[in-house]
Amino acid sequence: MTTITPKSSYPSWVRELHSPPNPKTKSASSIRDPPGFSASSTGKRAQVSKTQPHKPPTPEETDILKVKKSWEVALAPAKQLPMNAIMMYMSGNSLQIFSIMMVFMLFKNPLQALMQTNAAFTKYETPRTKSKMWVVKAVYVLMNLVALGLGIWKVNGMGLLPTTRSDWLAWETQREPLERAVFTF
């Protein structure tokens, strides 16, 4: 047998949860709502805002934004240089799979970027920004060449670049000795 308990026997938080909130008093309605609060989300009708609607940007403003964004793209390889330099320094100069993979990636990424230079900037290029884009592209190419130079420095440090005379012995002729020494007992 189930007994029904009177409503007053529930805890106060349960009664407050199931009962509608009290209407705002006159003194409470004089307090402004906090910034960012929307009365429309609470079911009340929204007050008319005094701000102007956002107007679309002019073509000049759009071009300025495109040039700024293209500069961000052009300088992105320069932001990766310190990280790559530290990684190359930490990987050591020995021939191990880790250092070889690091050097491979150090060559692969700038070469891919150099081959796709025009594709990287097509969405930022307009007839009005075309004159400014050649400088941006030149900086982009320069930064990728610096990254390639970092890779060449690393390969040289690993001893893989043929820079000494001993690396080219196969193409040199053998020297004729002026004298011969023979050991006899």
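Visitor: How are α4 and α6 oriented to each other, roughly parallel or roughly antiparallel?
Guide: In this predicted model, helix α4 (residues 97-115) and helix α6 (residues 130-158) pack at an angle of about 155 degrees. Angles over 145 degrees count as roughly antiparallel, and α4 and α6 are therefore roughly antiparallel to each other.

Visitor: How far apart are the axes of α4 and α6?
Guide: Their axes lie 9 Å apart. The crossing of α4 past α6 is left-handed.

Visitor: Which residues of α4 and α6 meet?
Guide: On the α4 side, the residues are Ser99, Ile100, Val103, Leu106, Phe107, Pro110, Leu111, Ala113 and Leu114. Among their partners in α6 are Tyr140, Val141, Asn144, Leu148, Lys154 and Met158. By class, this contact of α4 with α6 has 17 nonpolar, three polar and one charged residues.

Visitor: Now α3. At what angle does α3 cross α6?
Guide: The axes of α3 and α6 cross at roughly 5 degrees and come within 9 Å. Angles under 35 degrees count as roughly parallel, so α3 and α6 are roughly parallel to each other. The contact of α3 with α6 comprises 20 nonpolar, four polar and two charged residues.

Visitor: And what about α3 and α4?
Guide: The axes of α3 and α4 cross at roughly 155 degrees and come within 10 Å. The two helices, α3 and α4, are therefore roughly antiparallel to each other. Their crossing is left-handed.

Visitor: Which residues make the contact of α3 and α4?
Guide: From α3 come Asn84, Met87, Met88 and Ser91. From α4 come Phe98, Ser99, Met102, Val103 and Leu106. The contact of α3 with α4 holds six nonpolar, three polar and no charged residues.

Visitor: Changing topic: what volume does the second largest pocket have?
Guide: The second largest pocket has a volume of about 320 Å³.

Visitor: How many residues line the second largest pocket, and which lie nearest its centre?
Guide: The lining has 19 residues, and Gln80, Asn84, Met105, Asn109 and Pro110 lie nearest the centre of the pocket. Asn84 also belongs to the contact of α3 with α4, and Pro110 to the contact of α4 with α6.

Visitor: Which helices each supply at least two residues of that lining?
Guide: They are α3 (59-91), α4 and α6.

Visitor: How many of the lining residues are charged?
Guide: The lining of the second largest pocket has no charged residues; it divides into 13 nonpolar and six polar.

Terms used: Residues numbered from 1 in each chain as written. Predicted model: local features only at pLDDT ≥ 70, side-chain atom pairs only at ≥ 80, totals over all residues. Heavy atoms only, no water. Axes fitted to C-alpha atoms, helices over the stretch in contact; angles between N-to-C directions. Helix = DSSP H or I, 4+ residues; strand = E, 2+ residues; numbered from the N terminus. Parallel < 35°, antiparallel > 145°, perpendicular 65-115°, else oblique. Left-handed = near helix turned anticlockwise from the far one by under 90°. Contact = heavy atoms within 4.5 Å. Nonpolar A, V, L, I, M, F, W, Y, C, P; charged D, E, K, R; others polar. 1 Å grid on protein atoms, 1.4 Å probe; cavity = no way out; pocket = protein on both sides within 12 Å on 5 of 7 lines; lining within 4 Å. Points joined across faces, edges and corners; volume = space filled by probe spheres on them.
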